[in-house]
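I opened this model to look up its sheet, its helix packing and its ligand site. My notes are below the view.

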Amino acid sequence: FIKIVIQGICGRYGSDAGPKMATERTKRAIKVGFYDIEKTIGKGNFAVVKLARHRVTKSQVAIKIIDKTQLDETNLKKVYREIQIMKLLNHPHIVKLYQVMETKSMLYLVTEYASNGEMFNYLSHGALPEKEARKKFAQILSAVEYCHARHVVHRDLKAENLLLDQNLNIKIADFGFGNYYTPGSPLNTWCGSPPYAAPEVFEGKLYHGPQLDIWSLGVVLYVLICRALPFDGGTLPALRDRVLEGRFRIPFFMSTECEHLIRHMLVKDPNQRYTIEQIKKHKWMQADPAVKTILSCNTEENFEREEILEEYNEQALELMQGLGIDIERTKTALADDAYDHHTAIYHLLVDR
Ligand SMILES: CC1(C)C(=O)N([C@H]2C=Cc3c(O)cccc32)c2nc(Nc3ccccc3)ncc21
């Protein structure tokens with residue numbers, strides 16, 4: 001009897017005393033544009049990165065949310081340069097930019113979501129066998145070669161910036177330190193993370209971007225195989241001495257071909273350092289035919305083909321038509337590289 005009375009009272013006053021109602025939290029979805037925010041995947045000083053899902057295509061994306069009011073002039077310029085660089089790069093192993101949304105105080109960069117996170121964490125399951133390291137390194141090399149061909153240097157290559165997608169393929173992130181370089185006019189800004197920085201950077205000399213990336217790639221390859229840094233040192237001066245001395249340990253399990261390649265990338269003199277061409281031809285890289293295909297995607301015709309706007313993906317356009325989206329408007333946006341809702345839906349449907 002008492003129970004009935006209590007339910008009667010609760011029922012009348014609508015307080016949800018019932019066990020079912022009490023657990024049902026009202027999940028207020030946070031929306032940005034056509035995206036529903038799901039969780040936070042990263043936090044920077046003035047940016048937070050969220051995992052989100054496009055309401056129409058249901059595809060998962062990553063959204064880098066930047067509070068512009070917290071940035072000074074130089075950092076704001078750097079962010080716009082990062083966006084400009086990401087718009088330039090369209091490669092299977094570089095995180096793709098889908099859309100840019102901007103308000104007075106905020107910037108939202110919608111990109112591909114690399115669901116398996118950092119290579120750095122992937123290595124916590126153990127160092128990679130050389131066969132797997134070769135495949136991953138070939139993907140990284142192909143992406144860096146593609147950037148250099150576009151006169152873009154990354155300058156912050158490290159295991160933490162090498163992300164992995166759902167198929168454990170490499171997706172290079174964070175072109176924040178990226179910069180354009182013109183052959184002949186060297187750069188000298190200090191950037192990147194110290195254990196991956198080349199001797200010329202420690203010496204404060206002028207350096208050429210591509211050669212700096214090659215040194216970092218040498219450190220990356222060493223880390224993939226040894227799961228340790230070649231140059232380490234408790235303090236920055238100790239690390240600097242190690243890098244300038246240029247000596248590092250080779251573990252017993254590393255093959256002689258791999259050792260030979262790493263020793264030709266971690267060369268103090270940038271002009272003696274292997275180029276990407278030399279790395280691609282090296283015996284250790286050539287040991288696996290599957291790697292040859294990965295390394296042959298940056299051909300001239302692929303570059304040309306990309307310049308000419310490829311024929312549209314009819315299937316994606318039909319799907320969009322079915323959704324009542326204006327196709328002409330979409331084609332114009334694609335031709336203008338608009339990075340708006342239309343181009344985002346199109347590319348999300350193509351990449352699905
Ligand atoms: C937008 C973009 C490119 C980005 O800025 N980040 C951040 C966020 C975390 C983080 C990091 O831990 C290392 C590098 C970049 C980042 C992204 N992280 C992911 N996936 C991910 C998934 C699980 C763990 C870490 C990263 N996909 C795309 C991005």
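These entries go from the sheet to the helices and then to the ligand.

**Ground rules.** I am working with a predicted model, where local features need pLDDT of at least 70, side-chain atom pairs count only at pLDDT 80 or more, and totals for chains, interfaces and linings use all residues. Residues are numbered from 1 along each chain as its sequence is written, and side-chain values use heavy atoms, with hydrogens and water left out.

**Sheet.** I looked up the strand order first. The sheet is open, has six strands and runs β1-β2-β3-β4-β6-β5, with antiparallel pairing. Its edge strands are β1 (31–32) and β5 (97–102), and each pairs on one side only. Strands (E, at least two residues) and helices (H or I, at least four) are DSSP runs, numbered from the N terminus. Two strands pair if DSSP finds at least two bridges between them.

**Hairpins.** I then checked β2 and β3. They pair in the antiparallel sense over seven bridges, and three residues sit between them in a hairpin. Asp-36 has Arg-53 of β3 as its bridge partner. Next came β3 (residues 47–54) and β4 (residues 60–67), antiparallel over seven bridges. Here Ala-52 is bridged to Val-61, and Val-48 stands opposite Ile-65. This hairpin has five residues between the strands, and Lys-58 takes a positive phi near 65°.

**Helices on the sheet.** I found α3 (residues 73–88) lying across β4, β5 and β6 (106–112), at about 145° to β5. Helix α16 (residues 341–350) lies across β2 (35–43), β3, β4 and β5, at about 155° to β5. Axes are lines fitted to C-alpha atoms, for helices over the stretch in contact, and angles run from 0 to 180 degrees between N-to-C directions. Contact means heavy atoms within 4.5 Å.

**Helix pair.** I looked up α14 (residues 314–322) against α15 (residues 327–335). They pack at about 135°, with axes 10 Å apart. Leu-317, Met-320 and Gln-321 of α14 meet Ile-327, Thr-330 and Lys-331 of α15.

A polar side-chain atom of Glu-118 lies 2.5 Å from a ligand oxygen atom.

Definitions and conventions:
Polar contact = N/O pair within 3.5 Å; in protein donor to acceptor, adjacent residues only side chain to side chain.
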